[in-house]
Amino acid sequence: MYRDFGTVFFAVIMGIVMVSIPLIISWLIAPSNKTKDKLDTYECGEEAEGSAWLQFNIRFYIIALIFLIFDVEVVFLFPWAVVFKEMGLIALIEMGIFLLILCAGLAYVWVKSDLEWVRRRIKYGGGRYKPLSASSED
Amino acid sequence: MTNLQSLEFFIPELILTITILAALITDLFVKKSKTNMIGWVLGVGLVVVGLSVHNLSSAPPTTLFLDMIVIDPFSSFMKIVIILSTLLVIVASWVNDELEKYRKGEYFTIMGIMVMGLFLMTSSVDIIMLYISIEVVSIMSFVLAAYLKLDTRSNEAGLKYVIYGAFSSGVMLFGLSIVYGLAGSTNYFAIQDTLSSLDGSANPALIMALLMIFAGFGYKISSVPFHFWTPDVYEGSPSTITAYLSVAPKAAGFAMIIRFFHQVFSDSIGLTSNSIGSTDLPWPEIIGVLAVVTMTMGNLVAIQQKSIKRMLAYSSIAHAGYMMLALPVLSMEAVESIMIYLFIYVFMNLGAFFIVIFVKNKTGGESFEDFEGLGWKMPIVGAFMTLFMLSLTGLPPTAGFVGKLYIFKTLVGAGSEFLWLVIAGGVNSVISLYYYFHVVKVMFLGGKRSDVITYPPSTMFGLMIFTAVPSLILGLYWNPLASWVKDSLVFYNQVM
Amino acid sequence: MIESPMITFPLLILFLPLISFVILIFFGKKLPRQGDWVAVGSIVTTFILAVYLFVQMLTSYDANFSHGASLSWIDMGAFKIDLGILVDNLTIVMLLIVTLVSSCTHIFSLEYMKGDVRYNRYYAYLGLFTFSMNGIVLADNLISMYMSWELVGVSSYLLIGHWFEKDSAANASKKAFLTNRVGDIGFFIGIMLLYSAVGAFTFAPIFDSISGGEAIAGMTLTLAGLGIFMGAVGKSSQFPLHIWLPDAMEGPTPVSALMHAATMVAAGVYMCVRLFPIFTADALTVIAYIGAITAILAALTAITQNDIKKVLAYSTVSQLGFMVLAVGTGVYTAAFFHLLTHAMFKANLFYCSGSVIHSMHHALHEAHDHDTDPQDMRNMGGFREKMPITYYSMLISTLAIAGVPLFSGFLSKDAILAGTLAFAQQNPVHFLLPLLGFSAAAITAFYMFRLIFMTFHGKPNMKNIFKDIHESPKEMTGPIVLLGALSFFIFYTLPSNFNPIKDKGWFKDLIVPRNSAVPGSLTANEIAEYAHYAHYLAMGLSLFVAAAGILLAVLMYQRQSISSEKLSNKFGFLYHWSYNKFYFDENYNRYLYQPFLRLANSISWLDWEFYDKYFINGFGKLTKSFSKISGKFDYDGIDQGLVDGFGRVSSVSGNFLRNIQTGRLQNYLLFVVAGILVIIIAQAF
């Protein structure tokens, strides 16, 4: 049975070959005219500025995470809305519990002031995000 | 069983979820100095969970949520072991000075989520569920290991753990995908059904897959060669978390291994007969070699350690090796001996770690020098530590002896082909004597004798009593434990 | 499982003293009065509970009265040990003895041990002893009996050595402990022989399979029985292990009364009675001879001793010899009866001697005399008027031990001698047994009255202290009066079931002999019948010998019409043998200890010079260097060398991984992969 993996292997080989062939063809026949703009990173038409290897503010991630959670909530809500009539009360209770749990999460990030971009209560550089060396207070 | 019907048997986990939410919300309303209260919330919740687990342990074994997880006496036993160790660690966290600088709300909450993952680990019968539960436990462990935000070593431990964990679960996922490819199903019972009908030609793929899966399992129970994270993470983490990681995930990991391998390789009668696991794979030999290497490595490197916490980390690797000794036998007796060992190990290992925490609170260090003269300064603590060391070595009349006795009895009873494991185990016990008694020697012969005798604070003393009493009593009268384990040796099994 | 008071009360009796021990040993110093009230309270409670059990036994009046409960201690498939208790008539009577004498000892010690440096420890050890003694009594299996047996040995060691500052006390405790070990090894071998044949430790299955005759029989069974009897030889101080008991008198006198007269030394006899069904005829013959030899040797030794406690000690050994003799001749209920009566009168004799010593001690203290031995009878004399209660109580007990009618000892000794006589009538080869028995009885009467006359009659030998001799306080006279009263026959022949019409006593009705489990042995009925025939002859003879012994004592020590000195000169050789205790200690020392010590020395030299220096140290070094190499290998070889090697290879091929990971973690992961590969390759072969 594990010989069936041969098919998979064949598919992988074929994939590589099929992708490489057009690339090779275009590399062979396309004209090569390298200007600075053409070699630059493509960023939606904007001109790239500086290196991409820089530290991003940690709050981007937190915001992204929070966004993700509520995004997924919507993903669940759509199919629920479709079958809601068939399932009736139980579906309502289930979704209620689900939303309540999400609300707890919302309350949590709210109280921990992760929803505010500019922190008022927690001084930037102090408190939760104090640097590892406890001495620096700048 | 359908999802709604399953809920009735899922009550412990539901209560646990409510507890976790309650802990999370309580944390929003209390001041930093009062965050021990969240430990109370979680502790009380866990006691209720324990009661409901106990309540369900007599229910007939069945699968829940469309064959995702099972409830059976075996998982109930493991859940109770997990709850016991979590409760002990919660109490220890109240008095661990390392955590004084931080809010402990999230700490306790995350611990609760980890218990949830551990519960699922013990009872999953589907490789998807298996993977998810391992990840829940792992991610929570990463956070807990790095909980000392101001301590670079803790941060380092967390980061190493993350990467190592990601790598291991990656390898395991690869193995699982091969198994899925062979069997065409993610369900254990279906996999078992398919595998038993395979001819030998699939063996190479199967062995590859199993070894890769074992990389994931071995990482959880820290077996060689998947143990490298253990010393670094154990040393860097808060001591309470080190103690916790050395028992609870290990117990769940063993539950998971036993369930997976015994379920997948069982014959059609399943786990009810005395001899299970008819397979022509060299599985017993592989696990046997790994077990011997694990305990030998753990013991030999432990001898060289200067820090007692790190020594205990290596010692916990060695103990994983002892428990693994029984795995190759693939019989109910072997499972019984592992369960007995695990239960005993929880108490003796946690006890030793609690004393390390206590000494660190007192002296600020955890090396052998910090233990010098402890037996004279605090005779009670010295006596308890001696008891734990005796028990970890496995000398009568302590509980550790009974654990080893059952493991060796299983091996001797299983036939002469396992005799080399007995010999290796015996030699290793002798080697471990060296470093365990080094602690005793340092406590009683090292340092200056002091005339002033001090006593540990009452919470710490209570913890020591609570771990020391079972470590001793179970060495003298273990029949209730043995019969409880015997009663818990019922696996849910389903013949396709 | 535990429902009736017939189970819970014995358990309470068992564990209350243990609780008292734990409290006193840990917190005794902090409690008011050093916690003696805890010990006394717990022990008196156990006594009351024992009395309740006794009353239950009398009212139910059933010879087969029996309760039991057991707990599975170890259950590992084929290997099973159940710990349990067995409560029958025998047990209840024995519990009553133990708790009664123990209570008396506790109360007596309140005064006797007042102001002792280790007062709380003394009471703690008494609790430990009572616990372990009750453990022996209640055991329904050999394992828990053996454990309690050893605990009794330990508590005896601790109590004999209570005044361990005195070298003689420390040595005596060591001697007692080691001598007992010799017997206990035999006991353990016996247990293991039985277990290997029968596969059980509990009495009932052992008896069953012996009577089945297949599992174990003949020589093996005889050996097992003799092995178990060796335990009794050690504990009950029988020839040739009797040497420890006289030395054990170094302990406090109440301890001597409790352990070395009434209970601990009786444990051996109790065990023989309990296990009587396993002894084969051959084993019983050996037992009978050992008992007879002990009885006569100890009695002969007692004649010439001058230390009041030593006389009592040898008398105890001699009386224990009587009991063992009775076991050996098959009348083991008589042995138990004698155990009962002896416990009462001998404990009393010890209390009385304690009272005398206590008063001597005080008197000597008043006279600032610290050299005179307060226990030497040659320093006493004429105490009768000064200590009337002690005197009369002691006299009653002496009459009992001498076997004078109307006193308890007469009944029990008579039963033993009748049994012995009957045994010899059946087997004329063993004519020596009754001969030795009756001689020992005569000598007993003689030396006990010698003791009475030397202590209480005649003129005071030390006039300077005589004025300070006075009666002891109430805590001490109370037990003396109580136990003195219990030396009368009436308590043992009380009409049974409170029904005056029955002519037998409760003891005879309730403690009935059982048949031996060994196939082909005489049944209990046969033995009883033979003994009944011999009864009148035995009674006449024992009356005669008692009278002869007392008369001789009166002539020699009261009237002094026969000079003891002349007599001892005349039989100088015998006198010296008796005075020097038949040179047992000297011979043991020369022929056993010294060669053994030499052997041990040479072995230890070998052990140290060769085994330790080369083998053990060498092995240690080997392990150490191996672990060092292995540790080095793990760190240098694998972490630094192999893994870094991999790392260097990878750092050449691609730098980008190094920027996001530390070197070591990367190494770990690589090693995991290497490990999996190694296993995959290895398993292929």
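This is a predicted model: local features need pLDDT of at least 70, side-chain atom pairs count only at pLDDT 80 or more; totals for chains, interfaces and linings use all residues.
Two residues count as in contact here if their C-beta atoms, placed from the backbone, lie within 7 Å.

**Stop 1: where A touches B**

Select the contact between chains A and B. Chain A brings 10 residues to it and chain B brings 11 residues. On the chain A side, pick out helix α4 (residues 89–111), which gives the most, with five residues. Now colour that side of chain A by class: you'll get 10 nonpolar, no polar and no charged residues.

**Stop 2: the cores**

Next, go to chain C and select Val269(C), Val327(C), Ala335(C) and Ala347(C). These have the most contacts inside the largest nonpolar core, which has 208 residues. Which helix gives the most to this core? Show α14 (residues 332–366) of chain C: it gives 19 residues.

Stay on Val269(C) and bring up its neighbours, leaving aside residues up to four places away in sequence. Val269(C) touches Ala232(C), Ser236(C), Leu320(C), Met323(C), Val324(C), Val327(C), Ala335(C) and Leu339(C). A second, separate core has 192 residues, and it includes Ile82(B), Phe214(B), Trp478(B) and Ile676(C).

**Stop 3: a helix pair in chain B**

Ile82(B) is a handy way into the next stop, as it is one of the residues of α4(B) that meet α5(B). Show helix α4 (residues 73–94) and helix α5 (residues 105–123) of chain B: their axes come within 9 Å and cross at roughly 165°. The two are therefore roughly antiparallel to each other, since an angle over 145 degrees counts as such. The crossing of α4(B) past α5(B) is right-handed.

For the side chains, select Ser75(B), Met78(B), Lys79(B), Ile82(B), Thr86(B), Ile90(B) and Ser93(B) on α4(B). Across from them on α5(B) are Tyr107(B), Phe108(B), Met111(B), Val115(B), Leu118(B), Phe119(B), Thr122(B) and Ser123(B). By class, this contact has nine nonpolar, five polar and one charged.

**Stop 4: a helix pair in chain C**

Over in chain C, show helix α15 (residues 388–402) and helix α17 (residues 432–456), which pack at an angle of about 165° with their axes 9 Å apart. That makes α15(C) roughly antiparallel to α17(C). Here α15(C) passes α17(C) in a left-handed crossing.

**Stop 5**

Most residues other than glycine have a negative phi, and most peptide bonds are trans. Now for some exceptions.

Zoom in on the loop between α8 (218–235) and α9 (244–247) of chain C, where you'll find Pro240(C). The peptide bond into Pro240(C) from Phe239(C) is cis, with omega near 5°. Ser237(C) lies in the loop between α8 and α9 as well, and its phi is positive, near 60°. Is Ser237(C) buried or exposed? Ser237(C) counts as buried, because it has 30 C-beta neighbours inside 10 Å.

Chain B has its own cases. Phe65(B), in the loop between β1 (62–64) and β2 (69–71), has a positive phi near 50°. With 18 C-beta neighbours inside 10 Å, Phe65(B) counts as partly exposed. Finish at Pro397(B), in the loop between α16 (379–393) and α17 (399–413) of chain B: the bond from Pro396(B) to Pro397(B) is cis, with omega near 5°.

How values were computed:
Residues are numbered from 1 along each chain as its sequence is written. Chains are lettered from A and ligands numbered from 1 in the order in which they are written. Helices (H or I, at least four residues) and strands (E, at least two) are DSSP runs, numbered from the N terminus. Ala, Val, Leu, Ile, Met, Phe, Trp, Tyr, Cys and Pro count as nonpolar, Asp, Glu, Lys and Arg as charged, and the others, Gly among them, as polar. A nonpolar core is a set of buried Ala, Val, Leu, Ile, Met, Phe, Trp, Tyr and Cys residues joined through C-beta atoms within 7 Å. A residue is buried if 20 or more other C-beta atoms lie within 10 Å of its own, exposed if 12 or fewer, and partly exposed in between; C-beta atoms are placed from the backbone. Axes are lines fitted to C-alpha atoms, for helices over the stretch in contact, and angles run from 0 to 180 degrees between N-to-C directions. Angles under 35 degrees count as roughly parallel, over 145 as roughly antiparallel, 65 to 115 as roughly perpendicular and the rest as oblique. A crossing is left-handed if the near helix is turned anticlockwise from the far one by less than a right angle, and right-handed if clockwise.
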